[in-house]
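Please read the following note with the structure open beside it. The points are numbered so that each may be checked in turn.

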Amino acid sequence: MTESLVSVGAVNFDVEKIRADFPILHQQVNGQPLVYLDNAATTQKPNVVIDAISDYYRTDNSNVHRGAHALADRATVKFEAAREKVAAFLNAASAKQIIWTRGTTESINLVAASWGKANLQQGDRILVSAMEHHSNIVPWQLVAQATGATVEPIPVDSNGSINISAFENMLDAKVKMVSVGHVSNALGTINPVEKIIGLAHAVGARVLIDGAQAVSHWNVDVQKLDCDFYVFSAHKLFGPTGLGVLYGKLDLLNAMPPYQGGGEMIETVAFSGTTYNQLPYKFEAGTPDIAGVIGFGAAIDYLNAMDRVAASAHEQALLEYAEEKARSTSGLKLVGAATHKASVMSFLLEGAHPADVGVLLDKQGVAVRTGNHCAQPIMDQFGIPGTVRASFSFYNTFDEVDRLFAAIEKAKTFLL
Ligand code: PLP
């Protein structure tokens, strides 16, 4: 570990203090202290989130918006307070623009099904980048099949960057939706979404940004970005699984038909015709994940109390430190070398299958992900079955990066 990097990580950011908030990190796996480097798959949860969920079930458990008693009032107040927190976190103009979903996947499916079916027709074009997660490809393919639209990949260069001039050349009045990730989960590339949004808007297209891998690394301002939709999952932002967010522009959400029918999303129901509730409830059929939402509110409070700029600088220093070590590790090849990257180091060990590397790292207590990372098209383009992916969060340390590379060296003695 280099002293200069230690000081980068330590001056403004007390990583040991942060680690104390995450109980899961303090355990042994296969006889070694756990090194959790699978943060792009899901982040760990601080005590305040775990406590908020358990407190809700211990003291407030009730259904929201409909009960005429104290518990229902308390649950509803906390549930709606979390929505306000997310709106402020994203700098959305109104909490009505924050729709609770099951995750990024459902948020994209909601937009594709509701906005897509109402706005797409034969010959319309949907553009997604070639490095998208499957959840930002398949929902568009489904709506394309239903409407006669097409889904086309925006080319990605060999270093893992969107080819912006190719994108510009693809744009015409038939392009109705551009849907791209803010940060690639497979390569770590930070995409120039402001530029993409401006170019897409110039031809009248709408833009959805998949923020699943971005929101945990810096503060996103949806009004500044001017995106039409922004989506992410709570579980990748230190909150619970099974919960996600869809932010949308008010006029678009108001004009969109419901996604699912049921309780909560209606105003009146009659066999002669049903009328729908206002935003955001129009898109929230059925009993929501109340405990999850309240736990997520605690995650947002936790992040707001943190120096996020320092946290981000610490993560960036970890990535640079790891990539520097990777470049001097024989037999190791980095996959994804965009100029701007966030917290993801994808790599291959020459002559070894990524899955075997993953098993040998796990035996040494190091948790990484292996495979195509639900981004098969970009793996196919690179001609590889997948990668080993180490992904960092602010609670990771330089010592853990050293442990990763020591484990890689040991794995090499078995594999190469
Ligand atoms: N988009 C990106 C960029 C992701 O990294 C992921 C998860 O890995 C998803 C979408 C899907 O998220 P979820 O499974 O939480 O719906």
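Predicted model: local features only at pLDDT ≥ 70, side-chain atom pairs only at ≥ 80, totals over all residues.

1. Confidence. The pLDDT of the protein averages 96, and 97% of the residues score at least 70. Residues 1-10 should be read separately: the pLDDT there is below 50, and the stretch has 13 contacts in the model beyond near neighbours in sequence.

2. Overall fold. The secondary structure consists of 15 helices and 17 strands. For 416 residues the globule rule gives 22 Å, and the radius of gyration of the protein is 22 Å, so the protein is as compact as a globular protein of that length. Along the principal axes, the C-alpha atoms fill a box of roughly 75 × 55 × 35 Å.

3. Interior and surface. Of the 416 residues, 55% count as buried. The accessible surface comes to about 16,800 Å², and carbon and sulfur atoms account for 52% of that area.

4. Contacts along the chain. Consider the contacts between residues at least 6 apart in sequence: 72% of them join residues at least 24 apart.

5. One residue in detail. Where does Gln 376 lie? Gln 376 belongs to helix α14, which covers residues 376-382. Gln 376 and Ala 130 are 246 residues apart along the chain, yet their C-alpha atoms are separated by 9.4 Å.

Definitions and conventions:
Residues numbered from 1 in each chain as written. Heavy atoms only, no water. Helix = DSSP H or I, 4+ residues; strand = E, 2+ residues; numbered from the N terminus. Rg over C-alpha atoms; globule rule 2.2 N^0.38 Å. Buried < 20%, exposed > 50% of the residue type's maximum accessible area, 1.4 Å probe, protein only. Contact = heavy atoms within 4.5 Å. Areas by Shrake-Rupley, 256 points an atom, 1.4 Å probe, with all protein chains shown as cover. pLDDT = per-residue confidence, 0-100.
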